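Me: Hi! Could you walk me through this structure while I have it open?

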Amino acid sequence: AAAMDVNEEAMAANKRAFLDFLDQDVGKGVYMQAVRDMVQSKRHRLTIGMDDLRNHNLDLARRVIRSPGEFMQPASDAVTEVARNLDPKFLKEGERVLVGFTGPFGFHRVTPRDLMSSFIGTMVCVEGIVTKCSLVRPKVVKSVHYCPATAAFMSREYRDITSFVGLPTGSVYPTRDENGNLLVTEYGMCQYKDHQTLSMQEVPENAAPGQLPRTVDVIVEDDLVDCCKPGDRVSIVGLYKALPGKSKGSVSGVFRTVLIANNVSLLNKEANAPVYTREDLKRMKEISRRNDTFDLLGNSLAPSIYGHIWIKKAVVLLMLGGVEKNLKNGTHLRGDINMMMVGDPSVAKSQLLRAVMNIAPLAISTTGRGSSGVGLTAAVTSDQETGKLLKVVHTLMFGFCTSSNQMPVSRGKKA
């Protein structure tokens, strides 16, 4: 009980510190205006700049980065209280305003390769490229149960590794109450939130030469789901946590680490909507008037690799030819690019494709059995999260039978 009192006192003190920050608002009323804009646009997340927090209270900013688990909930409580005072009808019962952080993080701004054990439990800003996004699944926050025998309702809240208050709870619905009466779950009255996991890889141009890129798993929830797609270069701010590994019978001291995100910002906004200056357009028109434009493009791809001009031209055509089309009759033509490069060892096959990584903004580097082996046949893979077996049929551009029991699949017809 004494420990709980101390914990509640610390939470209340941290909440007061954030209320002081929002009240004084070093940035000349910026955050109060941001809360008003958030209420008007019906969003539920306020982004706080670390620079503003440092200008207000340097010690508070340092503590937020070193032990964010103690401050995320009080910060959310403070912003929720301010939003309720501005508009009592903005939040429904049980709803909260979430908090995200942005700005310079000093040596806590890292890549997936730099994430070591010293960062566990702290807030970090990780930059990289998203390689995989899971499906958005609902996660139960609160379940409501009805007892037919006593005609009474009871509710239960659920917490897991992503929550900042209290210990994690079990994930099984209760089936009987304290007296042994059967309970019926009222699914329509339960509360859920969106949950998604991302896999983020270090940016290929910053990766150590000759080494495979490192990855980190990221958990995003609520309004952050579906804010990025595979191929996007992102900067994710979050709490770096360790999860106990699932050891089969043996005691293992190796823990799995995840990043619980509170802010996701895109670094390559120009990739989706490029901005061209007048100088850029002028150069494009000059090159388009030349008679040797195709040769120029071919020679400009990976100029450090001698020769292979026809292969370079083919790669250029593939890069510029993947255009997605939606016809008037509803037909959808995919713009995905497939390429099979065959050659002797050490003739710069991989280096040519790595050169494409530096040009195409949404390119993803994959390697190994998973990317090459599944191309020839229909592959059966397992989903990491659900454990279910998925049958994936890959469309082939080129294929040949390697044995009698493997049949290439092309456009849905038997080859």
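Me: Is Cys 190 buried or exposed?
Reply: Cys 190 is buried, with a relative accessible area of 9%. Buried here means under 20% relative accessible area, exposed means over 50%, and partly exposed is in between (1.4 Å probe, protein chains only). Keep in mind that this is a predicted model, where local features need pLDDT of at least 70, side-chain atom pairs count only at pLDDT 80 or more, and totals for chains, interfaces and linings use all residues. Residues are numbered from 1 along each chain as its sequence is written, and side-chain values use heavy atoms, with hydrogens and water left out.

Me: And what about Cys 147, buried or exposed?
Reply: Cys 147 is buried too, at 2% relative accessible area.

Me: How many disulfides are there?
Reply: The count is zero, taking a disulfide as a pair of cysteine sulfur atoms within 2.5 Å.

Me: OK, switching to charges. How many salt bridges does the structure hold?
Reply: There are 14. A salt bridge is a side-chain nitrogen of Lys or Arg within 4 Å of a carboxyl oxygen of Asp or Glu.

Me: Which residue does Glu 202 pair with?
Reply: Glu 202 meets Arg 113, at 2.8 Å from N to O. Glu 202 sits in the loop between strands E8 (191–201) and E9 (215–221), and Arg 113 in the loop between strands E3 (109–110) and E4 (123–133), so the pair ties together parts 89 residues apart in sequence. Helices (H or I, at least four residues) and strands (E, at least two) are DSSP runs, numbered from the N terminus.

Me: Are those two buried or exposed?
Reply: Glu 202 counts as buried at 3% relative accessibility, and Arg 113 counts as buried at 15%.

Me: What does Lys 193 bridge to?
Reply: Lys 193 bridges to Glu 221, with the closest N and O atoms 3.0 Å apart. Lys 193 is in strand E8 and Glu 221 in strand E9, 28 residues apart. Lys 193 is partly exposed at 23%, whereas Glu 221 is buried at 10%.

Me: Which residues are linked with them in a network?
Reply: Lys 139, Lys 193 and Glu 221 are linked in a network of salt bridges.

Me: How far apart are Glu 279 and Arg 283?
Reply: Their closest N and O atoms are 3.8 Å apart, in a salt bridge. They are four residues apart in helix H7, so about one helical turn separates them. Glu 279 is partly exposed, at 42%.

Me: Last one: where is Tyr 276?
Reply: Tyr 276 lies in the loop between helix H6 (269–272) and helix H7 (278–288).
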